[in-house]
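Here is a short briefing on side-chain pairings, ready to read with the structure open beside you. Take the topics in any order you like.

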Amino acid sequence: MNIGEREKSGKNCLVFFRNKKICDYDGISEITAGCASRGYYFNKVLCVAYDDSWEITFALSDALKNYENIVIYCPKAMENTIKGFVTAERGGEFSELNIYTAQDLTAFMLFSDCTNRLLIEDICAVLNKKYSANYERAYIKTIGAPNLLINDAISQIKSACADISVNATEKYGDCVIELVYNVNIPKTEFDKAMRAGVSVLNGYIYSLDENTLAEKLVQLLKLRRLKISVAESFTGGGIAKKLVDISGVSEVYVEGLNTYANESKIKRLGVNTETLRRYGAVSGQTAAEMAEGLLATGLCGVAVSTTGIAGPKSDNTKKPVGLVYIGVATADGTSVYEFNLKGSRNDITQTGINFALFAAFKKIK
């Protein structure tokens with residue numbers, strides 16, 4: 001009985017040989033995410049200590065016996081050993097790019113400790129040719145969308161078109177829903193699925209393409225012919241950094257102030273001392289006056305402010321860690337948003353940065 005006649009437990013397998021004393025899974029996360037975004041998923045991921053010869057033999061034997069496509073991720077020093085095992089079992093040779101093809105088995109070798117000539121897009125291109133497939137990607141990008149809505153949107157997309165694969169990743173409140181689909185599916189079905197997801201998440205969406213939130217905000221500022229300034233407290237200049245990383249931002253970006261101390265808020269932004277005494281630095285009233293102080297300079301048409309408690313401890317006002325306020329001021333008025341964020345100091349700070357960018361985006365959209 002040849003391998004093509006066996007009942008397979010799955011199509012794709014990732015075999016990861018690692019140092020059991022080091023918990024580093026970044027490499028396999030990159031491989032699995034990269035393949036998923038191109039329409040390929042692993043039915044099994046085998047993590048094997050590379051100092052256990054029995055486990056190495058067992059993992060490779062299992063992969064060769066039960067899977068059509070194998071990605072091997074290992075240290076460079078294991079290259080010859082693994083190639084020797086595979087070719088002894090199945091015959092044939094690996095190519096210069098470390099691609100192996102024999103009968104219905106395709107294997108790829110990537111190294112965890114050096115630069116690879118073989119890229120994830122190369123792997124997926126080989127699989128596309130093997131299965132006569134051509135996958136495209138579309139995106140629904142959101143900020144602050146509740147998990148229930150995200151799950152509902154994914155369910156609605158799948159109901160509208162079962163042939164679309166959906167990958168959702170969330171980091172610091174920024175959730176990217178990636179739709180992976182074969183270009184051969186009818187456009188009407190794809191459009192129906194996109195509309196279903198968008199309708200559920202309307203109000204949280206900032207992009208339907210690959211652009212980041214900061215890029216979308218800069219594009220919108222240029223379109224509206226507006227300039228932006230930011231005054232930051234707990235975000236520590238993070239909003240400004242996101243903006244200045246965008247090429248061409250000089251057309252719309254005026255300045256960023258890191259007004260951390262109360263004295264700075266008073267002298268640089270004109271925040272009223274009575275506001276700080278009565279409501280505190282972490283308050284909606286202070287956030288509003290910070291943004292309005294920037295707007296009053298006449299240098300910008302959009303002013304964004306942040307103030308909050310990132311932790312790990314609260315301040316002497318006993319306000320909770322994670323309480324943040326974001327102010328956005330324009331000629332049409334000032335909007336203030338209150339959030340109670342969770343997580344570490346970095347989680348709260350990075351999420352606050354994203355929420356502030358999104359607040360500005362929504363204000364001028």
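Glu 121 and Arg 38 form a salt bridge in this predicted model, with 3.8 Å between their closest N and O atoms. The pair ties together distant parts of the chain, since 83 residues separate the two partners. Glu 121 belongs to helix 4 (residues 120–131), while Arg 38 lies in the loop between helix 1 (26–36) and strand 2 (44–49).

**Salt bridges**

- Across the whole structure, the search turns up nine salt bridges.
- Asp 209 and Lys 216 make another one, at 3.3 Å from N to O.
- In that pair, Asp 209 is partly exposed at 28% relative accessible area, whereas Lys 216 is buried at 16%.
- Lys 216 counts as buried because its 16% falls under the 20% cut-off.
- Lys 241 and Asp 245 also meet through their side chains, with an N to O distance of 2.9 Å.
- Lys 241 is partly exposed, with a relative accessible area of 49%.
- There is a network to look for as well: Lys 76, Glu 79 and Lys 83 are joined by salt bridges that share partners.

**Aromatic rings**

- The model holds eight aromatic pairs.
- One of them is Trp 54 with Phe 58, whose ring centres are 5.4 Å apart and whose planes meet at 10°.
- This pair counts as stacked because its 10° angle is under the 30 degrees that the term requires.
- Trp 54 and Phe 58 sit four residues apart in helix 2 (residues 53–66), so about one helical turn separates them.
- Trp 54 is exposed, with a relative accessible area of 57%, but Phe 58 is partly exposed at 47%.
- Elsewhere, Phe 16, Tyr 25 and Tyr 73 come together as one aromatic cluster.

**Charges over rings**

- Lys 11 places its charged end over the ring of Tyr 131, 4.5 Å from the ring centre.
- Lys 141 does likewise with Tyr 139, its charged end lying 5.5 Å from the centre of that ring.

**Confidence in the model**

- The protein chain has an average pLDDT of 93, and 97% of the residues reach at least 70.
- Please keep an eye on residues 1–9, where pLDDT stays under 50.
- For residues 1–9 the model has 17 contacts beyond four places in sequence.

Key. Residues are numbered from 1 along each chain as its sequence is written. This is a predicted model: local features need pLDDT of at least 70, side-chain atom pairs count only at pLDDT 80 or more; totals for chains, interfaces and linings use all residues. Side-chain values use heavy atoms; hydrogens and water are left out. pLDDT is the predictor's confidence in each residue, from 0 to 100. Contact means heavy atoms within 4.5 Å. Rings of Phe, Tyr and Trp (its six-membered ring) pair if their centres lie within 6.5 Å; planes under 30 degrees apart count as stacked, over 60 as edge-to-face and the rest as tilted. Helices (H or I, at least four residues) and strands (E, at least two) are DSSP runs, numbered from the N terminus. Buried means under 20% relative accessible area, exposed over 50%, partly exposed in between (1.4 Å probe, protein chains only). A charge sits over a ring if NZ of Lys or CZ of Arg is within 6 Å of the ring centre and within 35 degrees of the ring normal. A salt bridge is a side-chain nitrogen of Lys or Arg within 4 Å of a carboxyl oxygen of Asp or Glu.
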